[in-house]
Amino acid sequence: MAVNLVNVEAVSKVYGTRALLDGVSLGVSEGDRIGVVGRNGDGKTTLIRMLAKLEEADTGRVTHSGGLRIGVLTQHDSLDPKATVRHEVIGDLADHEWAGNAKIRDVLTGLFGGLDLPGFPQGLDTVIGPLSGGERRRIALAQLLIAEQDLIVLDEPTNHLDVEGISWLAGHLRARRSALVCVTHDRWFLDQVCTRMWDVQKGDVYEYEGGYSDYVFARAERERIAATEEAKRQNLMRKELAWLRRGAPARTSKPRYRIEAANELIADVPEPRDKSELMKFANARLGKTVFELEDVTVQAGPKVLLKHLTWQLGPGDRIGLVGVNGAGKTSLLRALTDAARSQGDVQPAAGKVVVGKTVRLAYLSQDVTELPATLRVLEAVQQIRDRVDLGKGREMTAGQLCEQFGFSKEKQWTPVGDLSGGERRRLQLLRLLMDEPNVLFLDEPTNDLDIETLTQLEDLLDGWPGSMIVISHDRFFIERTTDNTFALLGDGALRMLPRGIDEYLERRQRMIEAATPAPAAAPAAKSGPSAADTRAAKKELQKIERQMDKISEKEAKLHTQIADNATDFGKVAKLDADLRELVAEREELEMRWLELAEDA
């Protein structure tokens with residue numbers, strides 16, 4: 001029988017006149033991996049702070065088992081700004097001691113990309129004071145994971161981690177014996193790691209068995225049973241439930257919900273997106289040309305990020321863009337934005353960007369646009385316009401769209417200066433959509449948004465007819481809102497990934513393995529490659545690179561033909577088959593390139 005580690009008994013917490021938690025009783029046992037979800041401001045962080053005894057309850061009590069070793073990652077670290085990374089993470093261990101510890105090596109490689117901490121100016125000897133908030137957070141997480149814990153409590157651990165870092169952290173936490181309580185808005189992460197869910201709502205905490213997908217099914221079923229009128233049944237969760245059941249059944253390998261009830265619940269829910277209908281509407285709004293890139297080079301200062309890029313974004317294309325930090329994701333969007341806003345007058349360092357004449361671009365950057373603090377939420381939206389056309393005869397007033405984005409009628413009269421970071425992010429996105437763009441660039445749109453707001457945004461984007469590029473470390477959001485995934489792997493090229501983010505992680509792993517020097521071995525009779533072998537390898541490498549360039553050009557032409565024949569499904573199917581053959585051929589060449597690179 002599992003040992004009980006923490007007991008929460010009849011705990012209540014009030015701030016001002018609002019009860020965040022009201023008589024909540026919960027327990028955490030050995031082996032539990034619990035995900036905590038709920039709207040921003042409903043008390044998730046307060047709950048886990050009381051669980052860890054970092055905050056006192058107004059009533060009730062929290063008890064820990066004797067000798068409990070607990071590690072907590074809060075949203076504000078307690079690192080010494082004068083100390084080095086080495087001092088805070090590794091302590092007094094000598095180099096041979098920590099380098100011989102498999103756990104320490106795994107944590108440093110997983111969170112920082114290598115034992116020498118690439119990206120930090122002095123590696124392990126970097127002083128913490130001048131570092132960014134994201135870098136400090138990774139250091140605090142590394143410090144916690146290297147220690148031995150009975151219970152780990154994490155508040156938004158995936159913030160400031162890229163797709164690879166999140167994937168590594170999920171695997172690391174699954175392999176640990178420690179119990180876990182984790183607040184996060186990353187739904188893919190919750191599905192991978194958690195075996196139970198706590199849903200914090202209006203002072204109560206509802207418990208569910210399983211990961212995020214199981215939670216969606218169980219909550220939808222609970223709401224179906226509790227519903228007393230049809231309007232209550234039309235919950236946004238039903239649409240997400242339909243997507244999970246139809247599009248990604250493998251997410252729930254051990255389902256704990258009633259499949260029959262789930263299927264009955266979604267029987268009348270259509271597919272999330274009517275792609276052919278949206279494509280027709282997008283063609284009507286945009287014409288045939290949106291963005292066409294010809295032999296483009298993108299730079300950030302003197303650094304070349306992308307070279308000889310020939311690619312196009314067509315009408316109705318929904319693209320997810322992933323890649324290593326510094327590979328040029330944001331720089332690519334900025335180059336396209338500059339070309340669009342200057343009507344083609346501002347061009348990248350080399351090559352040409354052709355912009356469609358009807359393009360109306362909205363770009364959500366990572367920076368939150370500052371608005372006058374005294375301006376009310378509704379006034380900030382009405383500054384753009386009073387009503388918005390969402391396509392297919394759908395129209396919304398500014399107030400209705402505010403409500404869909406989580407701003408209740410009362411909240412709409414809140415001064416902008418009183419909004420939280422997540423609420424300002426929502427308002428920024430809302431103002432962009434209110435301007436009726438037909439092309440959307442979203443750079444990390446999920447930052448600071450809670451799960452309920454994310455599902456509302458996804459629901460809105462399902463019916464939005466236009467072209468879209470999304471940069472995000474949130475796998476669930478990319479898979480949910482886009483149709484194709486492209487990657488920047490740091491080698492100056494843009495690649496389509498037919499199998500999405502799983503393929504991206506596989507490619508990155510192969511690249512890391514190829515770049516990692518093999519461990520020193522005993523001297524062998526055979527020496528390394530001869531000079532002749534090296535010359536031959538370099539010659540073949542050049543040949544492969546020319547072949548890959550030709551394949552990229554053919555892919556671009558096929559994408560153009562697919563866009564031009566969007567309504568001829570027979571022709572599109574044949575073109576798509578040709579495209580898949582090209583992708584397979586390119587992947588074989590890439591694997592051969594990696595093999596030859598070592599000899600060259």
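Visitor: Is Lys-53 buried, partly exposed or exposed?
Guide: Lys-53 comes out as partly exposed, because its relative accessible area is 47%. Keep in mind that this is a predicted model.

Visitor: OK, and where does Lys-53 sit?
Guide: Look in the loop between α1 and β4 (59–64).

Visitor: What's up with the phi of Lys-53?
Guide: Lys-53 isn't a glycine, yet its phi is positive, about 65 degrees. For background, most residues other than glycine have a negative phi.

Visitor: Which ones are they?
Guide: In α1 the buried residues are Lys-44, Thr-46, Leu-47, Ile-48, Met-50 and Leu-51.

Visitor: New topic: charge. Which residues gather in the negative patch on the surface?
Guide: That patch brings together Glu-294, Asp-295, Glu-545, Asp-549 and Glu-553. Two elements, β10 (291–300) and α20 (531–564), each give two or more residues to it.

Visitor: Which element gives the largest share?
Guide: That would be α20, with three residues in the negative patch.

Visitor: And Asp-295, where is that one, and how is it classed?
Guide: Asp-295 is in strand β10. Asp-295 counts as partly exposed because its relative accessibility is 41%.

Visitor: Now an arginine. Is Arg-425 buried or exposed?
Guide: Arg-425 is buried, since its relative accessibility is 2% and the cut-off for buried is under 20%. You'll find Arg-425 in helix α16 (residues 421–434).

Visitor: What does the side chain of Arg-425 reach?
Guide: The Arg-425 side chain gets to the backbone oxygen of Ser-365, at 2.7 Å.

Visitor: Last one: what about Ala-335?
Guide: Ala-335 is part of helix α13 (residues 329–341). With a relative accessible area of 16%, Ala-335 is buried.

Visitor: How far is Ala-335 from Val-298, going by C-alpha atoms?
Guide: Their C-alpha atoms are separated by 7.3 Å, while along the chain Ala-335 and Val-298 are 37 residues apart.

Note on methods:
Residues numbered from 1 in each chain as written. Predicted model: local features only at pLDDT ≥ 70, side-chain atom pairs only at ≥ 80, totals over all residues. Heavy atoms only, no water. Patch = residues over 30% accessible without salt bridge, like charges linked within 9 Å, V, L, I, M, F, W, Y side chains within 5 Å. Areas by Shrake-Rupley, 256 points an atom, 1.4 Å probe, with all protein chains shown as cover. Salt bridge = Lys/Arg side-chain N within 4 Å of Asp/Glu carboxyl O. Lys, Arg positive; Asp, Glu negative; His and termini not counted. Charge placed at Lys NZ, Arg CZ, Asp CG, Glu CD. Helix = DSSP H or I, 4+ residues; strand = E, 2+ residues; numbered from the N terminus. Buried < 20%, exposed > 50% of the residue type's maximum accessible area, 1.4 Å probe, protein only. Polar contact = N/O pair within 3.5 Å; in protein donor to acceptor, adjacent residues only side chain to side chain.
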